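I opened the model today with two things to look up.

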Amino acid sequence: MLFAPMLTVFISTVLLFTIVGPAGRIFADSITGSLLWMTENLGAVGFALFAGLQQIVVITGIHHIIGAVESQLIATTGVNFINPLMSVALIGQAGAVLGYMALHWKNTKTRELCIPSFISTLFGISEPAIFGVNLRYRFPLIAGCLGGAVAGVYVYFTHLVSLGFGTTAVPGIAIVDPSNNGYVNYIIAHLIGLTVAFVLTLVFGKMANKKTAVEEIVYPTKGDVKGIEECSDETFASKSLGEGIVIDTQDGIIVSPCKATVEFIFPTKHAIGLRLENGAALLIHCGINTVELNGEGFETFVNVNDVVKPNDKLIKMDLATMKEKGYNTQVITIMTELPETVTVNIQASKKTWFSFN
């Protein structure tokens with residue numbers, strides 16, 4: 001209790017001042033110098049690159065050193081062209097958050113995460129948006145950077161500058177240079193960044209959804225299909241284990257409803273778990289209380305980690321054995337797990353009996 005904390009602080013302090021600090025300063029100076037060189041030598045392209053990459057720099061935390069450069073700019077030129085670029089870069093991440101929320105509007109958790117992240121970004125704090133949403137799902141971060149880049153081009157051609165530094169987004173308008181329609185251009189630049197990022201997030205998100213969409217869906221067995229609420233087992237019928245359907249099987253042959261990976265097979269062979277490409281988990285349960293049979297009357301045709309396609313045979317349930325022993329032969333299929341950004345729609349009466357949003 002005495003030496004461990006003392007040595008931890010001592011060693012960390014020595015490393016900070018001898019290795020970590022100097023190395024971090026060199027790295028930060030290199031990044032900042034590169035960004036500034038782009039804006040000074042590459043014209044509109046340089047402005048676009050700065051605005052497109054600035055929020056990536058925020059992830060590392062070394063963006064704070066740019067403030068020293070901004071103060072030097074104001075001292076020598078009287079204006080600061082970097083602040084509007086940082087502001088539109090930030091607002092691009094806000095647009096990406098809005099786009100991601102629009103893609104998953106039905107998901108309550110997503111809305112609860114995106115709304116406060118968006119609001120904080122409006123007041124110059126993008127970390128909740130970056131780390132809570134955009135970086136986590138990758139494509140919104142890219143869309144936000146592209147939105148900032150496009151707005152950066154507008155900043156270049158309108159000669160938009162600030163008279164101070166330290167505030168961006170909504171509060172940043174207070175330090176905008178009003179000459180050359182500065183206030184109007186500030187608003188337009190931010191609307192461009194917000195809109196472009198929002199639209200690109202929708203586009204990228206729909207492209208990503210297509211890659212993980214279930215291409216073909218079949219019923220897991222032949223028979224009379226009903227909603228899960230009509231299941232004879234009260235636990236399944238209550239939907240406490242998930243949404244799904246129940247089928248009074250005609251032949252006892254259980255097949256895969258879609259392309260998936262076999263995640264587990266119960267030792268008693270009466271149930272199987274599948275993992276879909278979009279991360280959802282599907283459980284197929286054969287019969288009511290058939291776990292008591294310890295595998296009698298069941299035959300499996302796949303192994304764990306096998307990749308199955310629609311109509312691939314999974315399990316055969318001997319209906320004669322089930323009836324002889326007095327067991328209900330309903331086949332229950334439920335979604336037991338969904339990624340937090342995915343919702344499922346299940347309609348027992350339709351051929352495509354489940355779909356994702």
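Cavity. I listed the lining of the largest cavity: Thr158, His159, Leu160, Val161, Asp177, Ser179, Asn180, Gly182 and Asn185. I took a cavity as a set of points on a 1 Å grid over the protein atoms alone where a 1.4 Å probe fits but cannot get out, with lining residues having an atom within 4 Å of a point. The lining divides into 2 nonpolar, 6 polar and 1 charged.

Ground rules. The model is predicted: local features need pLDDT of at least 70, side-chain atom pairs pLDDT 80 or more, while totals for chains, interfaces and linings use all residues. Numbering runs from 1 along each chain as its sequence is written, and side-chain values use heavy atoms, without hydrogens and water.

Salt bridges. How many salt bridges does a search of the whole structure find? I got 8, counting a side-chain nitrogen of Lys or Arg within 4 Å of a carboxyl oxygen of Asp or Glu.

I noted Glu229 with Lys239, closest N and O atoms 3.9 Å apart. Glu229 lies in the loop between S1 and H10, and Lys239 in the loop between H10 and S2, so the pair ties together parts 10 residues apart in sequence. Lys239 also pairs with Glu243, at 3.5 Å.

Next I looked at Lys259 and Glu277, 3.4 Å apart at the closest N and O atoms. Lys259 sits in the loop between S3 and S4, Glu277 in the loop between S5 and S6, 18 residues apart. Shared partners join Glu229, Lys239 and Glu243 into one network.

Note on methods:
On a 1 Å grid over the protein atoms alone, a cavity is a set of points where a 1.4 Å probe fits but cannot get out, and a pocket is an open set with protein on both sides within 12 Å along at least five of seven lines; lining residues have an atom within 4 Å of a point. Ala, Val, Leu, Ile, Met, Phe, Trp, Tyr, Cys and Pro count as nonpolar, Asp, Glu, Lys and Arg as charged, and the others, Gly among them, as polar. Helices (H or I, at least four residues) and strands (E, at least two) are DSSP runs, numbered from the N terminus.
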